[in-house]
Amino acid sequence: MIYERNLLAILIFAAIVGVTLGLSFWLGRKARSASGFFAAGGHIHWFVNGVAFAGDYLSAASFLGICGMIAFYGYDGFLYSIGYLAGWVVALFVIAEPLKRMGKYTFADALDSRFNSPAIKFSAAISTLAVSVFYLIPQMVGAGVLVTPLFGLPHWMGVVMVGTIVILIVVTAGMVSTTYVQFLKGGLLVVFSTVLVGLILNRGFRVDAEPLTAQTVTDRDGVIFVNGSPRGTGAGHAVLRPVGSVSRLPGDVPDTGPVGPLEFLRVLQQSEVVLWKGEPFSDEEGGTGTIYRPVPTEGSQVLRPGNLPAFAGLRSGETTDKLNFLSLMLALFCGTASLPHILIRYYTVKDQASARKSTIVGIGTIGFFYVLTLYLGLGAMTSGALDVTKSDMAAPLLARSFSETLFAVISAIAFTTVLGTVSGLIIASSGAVVHDLMKSVMKFEMSDHGEVRAARVASVVVGAVAILLGILFAKMSVNYLVGWAFSVAASANLPSLVMLLFWKGTTKQGITAAILVGMTSSLAWILLSGDTYKGVYGMKPEDAIVPFSQPGIVTIPLGFATLIVVSLMTRQKTVVGEPRAQARR
Amino acid sequence: MPLHHGPNTTDETESTETIGRNVRYGLVLFAVYLLLYGAFVVTNAFAPEVMERTPIAGVNVAILSGFALIVVAFVLALVYGWLCRNDAPAPEKREGGRP
């Protein structure tokens, strides 16, 4: 799809991004020590931190990915919302306060608080890096998605823009400015999404009487053709139309007028909407591509689980498909409390009570936003706001269907939220590299200032890697990639965190083994799965080695089992050694 | 807004009793939510037709139960915050209460 530039929209966008960054630099100008860089000195107010949690969490994945998924497939996208929120229950009730008691700057500090073991530091740092990089990919892809409709720029330029700005933020300021960027963005995102939902409800539903025709995108020797004409905005060129409409309303009325929140769902349940399905296509001149056909669908089918191709098994009765679904929902539940950039936010407040209160604020803000995602997604589905080639565009295009100004505001907020999330991830990664790997494992002698300097260099390197991966994975669905990051985080980090807190028999060898086994098994599973075969390697998904794509249901228990078995084995040695020691005495 | 950037030390103010009590409350509330979430996920996986029924206001079970899970998470979080608002009584007091 090609998008036209709008000067006013670009000016508004630049103003919002500029003010936010300026403000956060000003607030974070004093972050000169390692504590200030990594953990904002532990002096962030709990309310600010709570909204910043929302800013961290409601990233490209939530805003673009979930809205897009709901807009294309209906209810299934909302299942992600529910899973993402449920994960916060684990964070609050099980992890938050003990973690705050144990740690200093990083997740590895907390895990290693009892043992002082370089092996734990090493494995925790590697897993932090792996999870952060996995989580960075969808954020960078999302950044490209936002910039494309606003500036009419190619996807890769969006990725480079975000990468460059984020490296600037992190290098100059660290955790304080990152926190304030997240606070401002989290707040603005929720407020403006509420405005957008208000506008959707006020507009209600309208039947689109225009005849619907299929759209084709074909590639002939590297040139893209849309509906048979070269893609472009000049004479003789063609562009893809934004789509999404209601084809019948209850009582066959043409227009509902304003509707209430429950009425919106009830009317949709009884209406017929047009979804778009893509299929492989080849034209007479040898080009191959995709044809997108309109498929009129009952509203009651849109609002039930099982429309997303990945969830189709919910209705098929295939056991492996059901296991895949259970596996994803388990990973979403366990993943939140294992994400390094969420965990480090517990070190920015002063005590356990503040950690608790900020999580409650976070749950309230995030939960409210996730309720809004259902309306945003369904609003996009029914108001001509879909780009058939990329579902992640739904939220910005929905805003554009109301006004260019609102579109610019929403895009700017989402863009700066991506900036904040990426900054948090880069800080978590640079903390892992410098504080854990270089200082604790390799025993580099570093002054406080030296540590901050090294962290800045590490940030630039991680940022560059993120830019590259964001360009490479441009075609993948943002939400899908986030599902992977959650699986790896939950498999690698959660078993160690939970067992360290609740089982006295945990040994350092057990923790090290659980992290390494959880991380490698979940990564290997993902790389050998049908979805990766299809989406990344371009191979047949049936040839995949593992029976279903989501690893969590196997690799999370595997992490726990590894920890228990290795801990028992390494503890036995001590037990066996004791009588000998007694005999010597 | 004053921003201090001193050493990142935890202001440990909670007694062992408070910590133990908070852990217990946390685990009980976690178990309650785990049951609800588990029931929701299992119903979606093994009885998806239940999710299509429209018991209230013409809205289906899928959406109603999804909203409910989000609201319940926040309510339980508030309950936890309320239960943990004060420090737990010190052990001497409890021992003093014994006959």
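Modeller: pLDDT is the predictor's confidence in each residue, from 0 to 100, and helices (H or I, at least four residues) and strands (E, at least two) are DSSP runs, numbered from the N terminus. This is a predicted model, in which local features need pLDDT of at least 70 and side-chain atom pairs count only at pLDDT 80 or more, while totals for chains, interfaces and linings use all residues. Residues are numbered from 1 along each chain as its sequence is written, and chains are lettered from A and ligands numbered from 1 in the order in which they are written.

Biologist: Which elements of chain B have the lowest and the highest mean pLDDT?

Modeller: Where pLDDT is low, the predicted coordinates should not be read in detail. In chain B the lowest mean, 49, belongs to helix α3 (residues 91-96), and the highest, 93, to helix α2 (residues 61-83). Over residues 93-99 of chain B the pLDDT is below 50, and this stretch has one contact in the model beyond near neighbours in sequence, where a contact means that two C-beta atoms, placed from the backbone, lie within 7 Å. Residues 1-11 of chain B also stay under 50 in pLDDT, and for them the model has 26 contacts beyond four places in sequence.

Biologist: How do the axes of α7(A) and α18(A) cross?

Modeller: Two packed helices are described by the angle between their axes and the distance between the axes. Here the axes (lines fitted to C-alpha atoms over the stretch in contact, with angles from 0 to 180 degrees between N-to-C directions) of helix α7 (residues 118-151) and helix α18 (residues 448-472) of chain A come within 8 Å and cross at roughly 60°. Residues of α7(A), including V133(A), L136(A) and M140(A), meet residues of α18(A), among them V465(A), I467(A) and L469(A).

Biologist: In what order do the strands of the six-stranded sheet of chain A lie?

Modeller: Strands pair if DSSP finds at least two bridges between them. The open sheet has the order β3-β2-β1-β6-β5-β4 in chain A, with antiparallel pairing, and its edge strands, β3 (229-230) and β4 (245-248), each pair on one side only. Within this sheet, four bridges join β1 (residues 215-220) to β2 (residues 223-226) of chain A, and D219(A) has I224(A) in β2(A) as its bridge partner.
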